[in-house]
Amino acid sequence: MRGAWQLGRVAGIVVQVHWTFALLIGWVVMIHLRDGGSVADALRGVALTLAVFLCVVLHEFGHALTARRFGIGTRDITLLPIGGVARLDRMPRDPRQELLVAGAGPAVNVVLALALGAVLVLTGRYASMMDAAHVGAGFLGQLLLINVVLVVFNLLPAFPMDGGRVLRALLALRWPYVRATRWAATAGQVIAVALGFSGVMLPSPILVLIALFVFSGARAEARMVESSAAAVLRDPGE
Ligand SMILES: [Zn+2]
């Protein structure tokens with residue numbers, strides 16, 4: 001990907017970060033300082049952002065390492081301000097394999113959330129976190145909640161989210177692949193319209209942007225399958 005800096009290589013897969021990620025870090029620092037926070041608050045915000053993106057990288061490795069078990073390579077994993085992208089050489093056409101590859105990413109966040117929950121329970125901080133969830137829980141509590149949001153958001157049954165692929169794989173267990181894709185793409189577009197409508201009513205410009213992203217993603221996936229091009233796993237919002 002152009003404009004991406006290589007961070008390193010893990011398990012033979014290049015991990016890189018897009019330069020626009022620096023804008024996100026700058027924005028996090030800015031909102032903390034603007035709201036009267038100290039430098040320590042801003043650093044904590046940056047640390048939380050980096051921790052979230054570490055969870056995102058682990059999510060992408062969930063996809064990449066599961067795909068490797070089926071003989072599919074990953075060109076690279078790139079971090080963008082909107083989330084992570086694992087560029088798999090292709091998606092498996094076998095619906096059972098696709099189900100595992102697509103589901104592995106969110107499964108990583110489930111495991112992380114459970115592990116964070118276990119740490120909070122064992123250190124006696126879980127109850128206070130649930131009490132104070134709306135006023136800002138501790139660092140680990142926030143990370144736990146963000147992992148839960150990542151699971152729910154990524155499992156929305158809409159391309160290009162993982163949930164869209166899970167839905168297509170489930171449909172393809174019973175119906176032909178291209179037809180399953182078309183149905184899953186239609187489901188994604190219905191969800192995109194619903195998201196877009198909520199975004200306008202709230203109003204929430206970010207929700208409208210996500211809706212446009214999902215809508216075009218669903219169309220692109222339907223076209224891509226019909227032309228049998230290489231698959232790209234995208235994970236927005238992570
Ligand atoms: Zn994913």
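Visitor: In β4, which residue is the bridge partner of L80?
Guide: Strands (E, at least two residues) and helices (H or I, at least four residues) are DSSP runs, numbered from the N terminus. Strand β4 covers residues 83-88. In β4, L80 has as its bridge partner G83.

Visitor: What kind of model is this?
Guide: Residues are numbered from 1 along each chain as its sequence is written. Local features need pLDDT of at least 70, side-chain atom pairs count only at pLDDT 80 or more, and totals for chains, interfaces and linings use all residues; the model is predicted.

Visitor: In what order do the elements of the chain run?
Guide: The chain has 8 helices and 5 strands. From the N terminus on, the order is β-β-α-α-β-β-α-α-α-α-α-α-β.

Visitor: Why is β3 described as largely enclosed by the rest of the structure?
Guide: A residue is buried if 20 or more other C-beta atoms, placed from the backbone, lie within 10 Å of its own; 12 or fewer makes it exposed, and anything in between partly exposed. β4 is mostly covered, with 6 of its 6 residues buried. β3 is largely enclosed because its buried residues number 5 of 7.

Visitor: What percentage of the chain is buried?
Guide: The chain has 238 residues. Buried residues make up 36%.

Visitor: Is F53 buried or exposed?
Guide: F53 sits in helix α2. G84 is 31 residues away in sequence, yet 8.0 Å away in space, C-alpha to C-alpha. F53 has 21 other C-beta atoms within 10 Å, so its class is buried.

Visitor: At what angle do α1 and α2 pack?
Guide: Axes are lines fitted to C-alpha atoms, for helices over the stretch in contact; angles run from 0 to 180 degrees between N-to-C directions. α1 covers residues 21-34 and α2 residues 39-69, with axes 8 Å apart. The angle is about 145 degrees.

Visitor: Which residues of α2 make the contact with α1?
Guide: Two residues are in contact if their C-beta atoms, placed from the backbone, lie within 7 Å. α1 brings L24, I25, V28, V29, H32 and L33. α2 brings D41, A42, G45, V46 and T49.

Visitor: How many residues of the contact of α1 with α2 are nonpolar?
Guide: Ala, Val, Leu, Ile, Met, Phe, Trp, Tyr, Cys and Pro count as nonpolar, Asp, Glu, Lys and Arg as charged, and the others, Gly among them, as polar. The contact has 3 polar residues and 1 charged. Its nonpolar residues number 7.

Visitor: Is the crossing of α2 and α3 left-handed or right-handed?
Guide: The near helix is turned from the far one by less than a right angle: anticlockwise is left-handed, clockwise right-handed. α2 and α3 pack at about 145 degrees, axes 8 Å apart. Their contact includes C55 and L58 of α2, and L100 and V101 of α3. The crossing is right-handed.

Visitor: What is omega at the peptide bond from L202 to P203?
Guide: Most peptide bonds are trans. P203 lies in the loop between α7 and α8. The bond from L202 to P203 is cis, with omega near -10 degrees.

Visitor: What is phi of A11?
Guide: A11 lies in the loop between β1 (4-10) and β2. A11 counts as exposed because it has 10 C-beta neighbours inside 10 Å. Most residues other than glycine have a negative phi. A11 has a positive value, near 50 degrees.

Key
Pairing = 2+ DSSP bridges.
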